[in-house]
Amino acid sequence: MKYLVLVLSICILFSCKQNEETQEVTAKQEKIVYDMYEPSEMANLMNQMYAHNLKVKNDILAGNVPTEFPLDFLKIHSAEMSEFKERNTVFQSFSELFIEAEKDIYNTESTVPLEDRFNTTVNLCISCHQTECTGPIPRIKKLLIK
Ligand code: HEC
């Protein structure tokens with residue numbers, strides 16, 4: 001039982017590593033992995049994107065129109081990832097689609113309702129995550145405007 005709780009908490013912490021490494025190693029080894037964990041540049045960017053889009057969601061719900069595309073998001077094309085991840089062509093195309101969708105949120109001339117543009121963006125976060133990093137998906141789904 002203790003072991004299970006540890007595995008679960010490690011899985012949450014290392015949402016993207018769970019398949020690759022943490023599951024079958026012993027609890028003791030996991031402790032070491034935990035001590036050495038440092039978020040990658042990409043993980044930091046992702047957390048920043050999460051926080052920003054949560055703010056955008058609240059703005060939209062409050063009736064405000066977000067107007068400024070956060071240029072930092074373009075780092076998705078270059079940010080360093082944890083060593084077990086690579087930028088393959090699937091990743092490239094998802095990042096491009098995602099950036100286009102995110103930009104469209106700030107396009108004040110668009111005829112598509114703002115909520116729809118926002119949800120399209122969040123669904124692209126989810127689509128990319130389905131290809132390689134499923135851990136954060138339940139959290140990302142909470143961004144969707146219902
Ligand atoms: C092009 C693919 C792609 C898109 C689009 C994408 N992600 Fe990610 N996300 C990743 C990858 C890959 C990682 C793992 C990064 C690493 O560990 O280096 C990640 C990690 C995360 C994490 C975990 C960070 C951590 O602390 O380990 C969160 C949260 C996250 N993404 C949220 C989002 C949100 C919110 C969006 C949309 C606004 C989004 N992602 C869009 C690929 C993507």
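Student: Why is the way helix 5 passes helix 6 called a left-handed crossing?

Tutor: This is a predicted model, by the way. Helix 5 does cross helix 6 in the left-handed sense, and that label goes to a near helix turned anticlockwise from the far one by less than a right angle.

Student: How do you know that helix 5 and helix 6 are roughly antiparallel to each other?

Tutor: Residues 89–105 form helix 5 and residues 114–132 form helix 6, and the two pack at about 165° with axes 8 Å apart. Angles over 145 degrees count as roughly antiparallel, and therefore this pair gets that name.

Student: Which residues are closest to the ligand?

Tutor: Of the 25 residues surrounding the ligand, the closest are Ser 40, Met 46, Cys 125, Cys 128 and His 129. Cys 125 and Cys 128 also belong to helix 6's side of the contact with helix 5.

Student: Which helix gives the most to that shell?

Tutor: Helix 4, with seven residues. Helix 4 (41–61), helix 5, helix 6 and helix 7 (137–141) each supply at least two.

Student: How does the shell divide by class?

Tutor: Into 17 nonpolar, six polar and two charged residues. Cys counts as nonpolar here, so Cys 125 and Cys 128 go in that group.

Conventions: Residues numbered from 1 in each chain as written. Predicted model: local features only at pLDDT ≥ 70, side-chain atom pairs only at ≥ 80, totals over all residues. Heavy atoms only, no water. Axes fitted to C-alpha atoms, helices over the stretch in contact; angles between N-to-C directions. Helix = DSSP H or I, 4+ residues; strand = E, 2+ residues; numbered from the N terminus. Parallel < 35°, antiparallel > 145°, perpendicular 65-115°, else oblique. Contact = heavy atoms within 4.5 Å. Near = heavy atom within 4 Å.
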